[in-house]
Amino acid sequence: GPLSFGSVLGYSSPAIPELSTITDPRLQLDKEEASWFGSIVTIGAAIGGLLGGWMVDKIGRKLSLMFCSIPYIFGFTIIIAAQNVWMLYLGRVLTGLASGVTSLVVPLYISEMAHERVRGAMGSCVQLMVVTGIMGVYIAGLSLDWRWLAICCSIPPTLMMVFMCFMPETPRFLLSQGKRREAEEALRFLRGPDAPAEWECARIEDASDDQGGSFGMADLKDPGVYKPLGVGIMLMLFQQLTGINAIMFYAETIFEKANFKNSNVATVVVAATQVVFTAVAALVMDRAGRKLLLILSGVFMCLSTAAFGVYFKLSSETHGNSSGLFLVESPLAQNPASDLSWLALSSMGFFITGFSLGWGPIPWLVMSEIFPTRVKGFASSVCVLTNWGSAFVITKTFQNLMDLLTSAGTFWLFSGCCALNIVFTIIFVPETKGKTLEQIQARFKGTPEQLSYNRPT
C-alpha cells in the first residue's frame, strides 16, 4: 500500500519533463498544466482521506485496503491510455484518491495489529515504504518513458490486493463487531499459536466498554476525543509547515547550481537519503521514543531552513535577484571561493535527514495510536484531510509567498514554524513508546492507565 502511495508521489517528477516536451500536442503540458499535474494528487488524496474514514468504520481495515487498490489500478490505466491532458488529470485524481485512503488505513491497520513493543518500528515502515516507492520511481524514470513508468507503478497495488487476501482483519475491529472468535484467531495468526489471545481480547474489550459504543458529535466534548484530535490535527499541519515541499521543489535547481550535471541522478540521491534515514528512524523508534525523535527532527529542520534563508539572502545580494536561484550566470559562479552551493547542499542534507528521522514518519504513527476505536474513522479522516489540504494550499501558494516575502523570508518563516513545532511537541505530544493503545487513550482521558490485567506467563 505505502509503496503504491510512494509511486504516485514520485511519478510526476520524471513524467513532467517528458510530458512538457512531448511531440503530441494533445498531451503536451505547459507550465500551468504541469503544476496541476503534480498538485492535483493532493486534492484526490484529501477526498480519499474522508472516504477512508467512512470505509474503515463500515467495512473494516482489511477490505478498505483491498478496495483502495482499484482506483490505483484504474488511475494508472487511464494515464497509460491517455489521449489528452484531462485523462492525465483524471488518472492523477484517482491515484490521489487511493493514496488518501492508504495514508489513513495502513497506519491504522498496523497500529491495531502490532504488539506495543514493535509498533513504533512497524508504524515507521509505512513512511519507509513510501520513500522507497518514490526512490523506485525515480530510478525507473531514468530509463523508462512515462507510459512504461505508469505500467510499473500499477504493479504494487495489484500485488497488495492479492496478498491482503491472506491477511486477517484487525482484532480490535473484529471485537467492535462482536466477533470474539475471529479476533482470537487473528491474534494467534499475528502473535503465534501459543499467544495469550483470550487475555489480549479481554483487555481490548474492557477498554472498549469504558469508551462506550458508536461515535456521535457529542463525543467531541470528551477530553479522550478532542485532546488527541487536536494533537493529531496539529501534527499534520506542522508536518506540512516544515517546508518539505519547498525543499523538494528547489532540490533539482540546487543540485544544478552545485554543478551536478545530471539532475535526475541528483533526485535519486535525495530519495536514497530519505530511505536511509527513515530506515534509521524505524530501527530506533521503539528505543528513543516518538517525542525525542520529533524534537531532534524539529531542531535539525529549524537550523537547516534558517541556513537556507541565509543562503538565499547572500545569493540575492550577490545576484541582485530576490530568488537567488534563477540566474544562470553570477559572480558566485565565476568565483569558486565565494561559491555558496556548499551551504545549500549541506542545508538540504540536514533538512532531509531531520525530516526523515521524525516529522516524516511519526505524525502518521501517532495518528494511528491516539484515538479510541469508536472515533478512529472520523478523527483519522480529519487528520488526513488536514495534511493533504494544507499540502495543496502550501504547494499552490508557495510561489506567491516567495514573491511576497522573498526566498530568504519564506525559508525563515519555515524555520519559525519548525521552532513552533518543537515547542508544541514538548508541551502537548505524549510519549507512546511501549504503551498499549488502551493506555495511551486512558492518558488523554485523565484516567489511570489500564494495568489491571496481568499478562499470563
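Figure 1. At 54% relative accessibility, R181 counts as exposed, because the exposed class begins over 50%. In this predicted model, R181 forms a salt bridge with E182, in which the closest N and O atoms are 4.0 Å apart. R181 also forms a salt bridge with E185, and here the closest N and O atoms are 2.8 Å apart. R181 and E185 are four residues apart in helix α10 (residues 180-191), which means that about one helical turn separates them. An α-helix has 3.6 residues a turn, so residues three or four places apart point the same way. E185 is partly exposed, with a relative accessible area of 42%. Through salt bridges that share partners, R181, E182 and E185 are joined into one network. E182 is likewise partly exposed, and its relative accessible area is 29%.

**Figure 2. The salt bridge between R26 and D24.** The structure holds three salt bridges. One of them is formed where the side chains of R26 and D24 meet, with an N to O distance of 3.1 Å. R26 has a relative accessible area of 47% and is therefore partly exposed.

**Figure 3. The protein chain as a whole, as a setting for the close-up views.** The secondary structure of the protein chain comprises 20 helices and zero strands. The chain has 457 residues, of which 55% count as buried. Among the contacts with a separation of 6 or more, 81% involve residues 24 or more positions apart. The protein chain exposes about 19000 Å², and carbon and sulfur atoms supply 66% of this area.

**Figure 4. The largest nonpolar core and the surroundings of F37.** The largest nonpolar core contains 104 residues, and Y11, F37, L88 and W146 touch the most other members. Helix α5 (residues 85-113) contributes the largest share of this core, namely 12 residues. Apart from this core lies another one, of six residues, including L175, A183, A186 and C201. Which residues are in contact with F37, leaving aside its neighbours within four places in sequence? They are Y11, S12, A15, I16, L19, L29, L88, Y89 and R92.

**Figure 5. A nonpolar patch on the surface.** I155, L159, V162, F163 and F166 make a nonpolar surface patch of about 520 Å². F166 is located in the loop between α8 (155-163) and α9 (171-176). Is F166 buried or exposed? Its relative accessibility is 60%, so F166 counts as exposed.

**Figure 6. F67 in helix α3.** F67 belongs to helix α3, which covers residues 61-67. With a relative accessible area of 43%, F67 is partly exposed. Leaving aside the neighbours of F67 within four places in sequence, this residue is in contact with M55 and I59. F67 and M161 are 94 residues apart along the chain, while their C-alpha atoms are separated by 7.7 Å.

Figure 7. Helix α12 (residues 223-241) has 19 residues, which at 1.5 Å a residue should span 27 Å. Which residues of α12 are buried? The buried residues are G224, V225, P228, L229, V231, G232, L235, M236, F238, Q239 and Q240. G243, which follows α12, has a positive phi, near 95°.

**Figure 8. A positive phi at T406.** T406 is found in helix α19, which covers residues 376-428. Although T406 is not a glycine, its phi is positive, at about 70°. The relative accessibility of T406 is 30%, so this residue counts as partly exposed.

Notes
Residues numbered from 1 in each chain as written. Predicted model: local features only at pLDDT ≥ 70, side-chain atom pairs only at ≥ 80, totals over all residues. Heavy atoms only, no water. Core = buried A, V, L, I, M, F, W, Y, C linked by side-chain atoms within 4.5 Å. Buried < 20%, exposed > 50% of the residue type's maximum accessible area, 1.4 Å probe, protein only. Helix = DSSP H or I, 4+ residues; strand = E, 2+ residues; numbered from the N terminus. Contact = heavy atoms within 4.5 Å. Patch = residues over 30% accessible without salt bridge, like charges linked within 9 Å, V, L, I, M, F, W, Y side chains within 5 Å. Areas by Shrake-Rupley, 256 points an atom, 1.4 Å probe, with all protein chains shown as cover. Expected span 1.5 Å × (residues − 1).
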